[in-house]
Amino acid sequence: MLRLLSFTLFIATWWIASLLIGDAKLPAPPAVLSVLVAEARSGALFVNLGATLARVALAFTLAMALGSAIGYLMGRVSLANRLGDPWLILLLNLPALVVIVLAYIWAGLTEVAAIAAIAINKLPTAVVTLREGARALDPALDEMATAFSFPRGRAFRHVILPQLAPYIAAAARSGLSLVWKIVLVAEYLGRPNGVGFEIGVAFQLFDIPLLLAYSLSFAGVVLIIETLLVQPFETRLTRWRLRAA
């Protein structure tokens, strides 16, 4: 009910602002809705949303897998941390736009270049979070696993992984919010489809209803995924932690 109330307040504020500013700069909700329905009926909306979501899924999976492995290694091995820290600082401070442009220049305007650029921009945040998680592991639990002769796989699954779970959840949530934004830039600059591409077309044509239609539909999909997947995933991973009453 609170979310419904918040959504209603958003629509009301938008409508009032449209009346004050004018439809030329801020179309009213019915105008945007009509464009959204037209795009959905033609199939273009679902094609572009599907392309964007596929890029998000691939880049996010790649970045989380590599970032978790590298972060865990840097947190557990001091030599790996000393060698990798300068690279990590460089990637953290390198603008996303630079990475995307260089990827397109070096690899061409290809799908691989777009996904690689998105993953590289997400990678350092996963590394930093998992490195801190690896540093926070309880040494007493490691000693317990050694004393009971746990196999490495079993020790990692039952001793290390539960301790890393909150950090994995945090890296996933923050990383996903970053990937959502970067994928639109990558599509705007060099892909022939996707939400970012359609936003670029709308900008060139000064078509504000089309721009808002794709922006809001994308935001709606993000909100659904956040509510149905990300939040339950984070709750499950951190269910063993004590929570305030």
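Biologist: Which residues lie nearest the centre of the second largest pocket?
Modeller: In this predicted model, Phe60, Ala172, Leu176, Ile225 and Val230 lie nearest the centre of that pocket, which has 15 lining residues. A pocket here is an open set of points on a 1 Å grid over the protein atoms alone, where a 1.4 Å probe fits, with protein on both sides within 12 Å along at least five of seven lines, and lining residues have an atom within 4 Å of a point.

Biologist: Which elements give two or more residues to that lining?
Modeller: Those are helix H3 (44-76), helix H8 (152-190) and H10, and H3 supplies the largest share, seven residues. Helices are DSSP runs of H or I with at least four residues, numbered from the N terminus.

Biologist: And what volume does the largest pocket have?
Modeller: Its volume is about 480 Å³, while the second largest pocket has about 290 Å³, a volume being the space filled by probe spheres set on the points, which are joined across faces, edges and corners.

Biologist: Which helix gives the most to the lining of the largest pocket?
Modeller: H10 does, with seven residues, and helix H1 (2-21), helix H2 (29-42) and helix H10 (208-237) each supply at least two. Of the 17 lining residues, Phe7, Phe10, Ile11, Leu216 and Gly220 lie nearest the centre of the largest pocket.

Technical notes:
Residues are numbered from 1 along each chain as its sequence is written. This is a predicted model: local features need pLDDT of at least 70, side-chain atom pairs count only at pLDDT 80 or more; totals for chains, interfaces and linings use all residues. Side-chain values use heavy atoms; hydrogens and water are left out.
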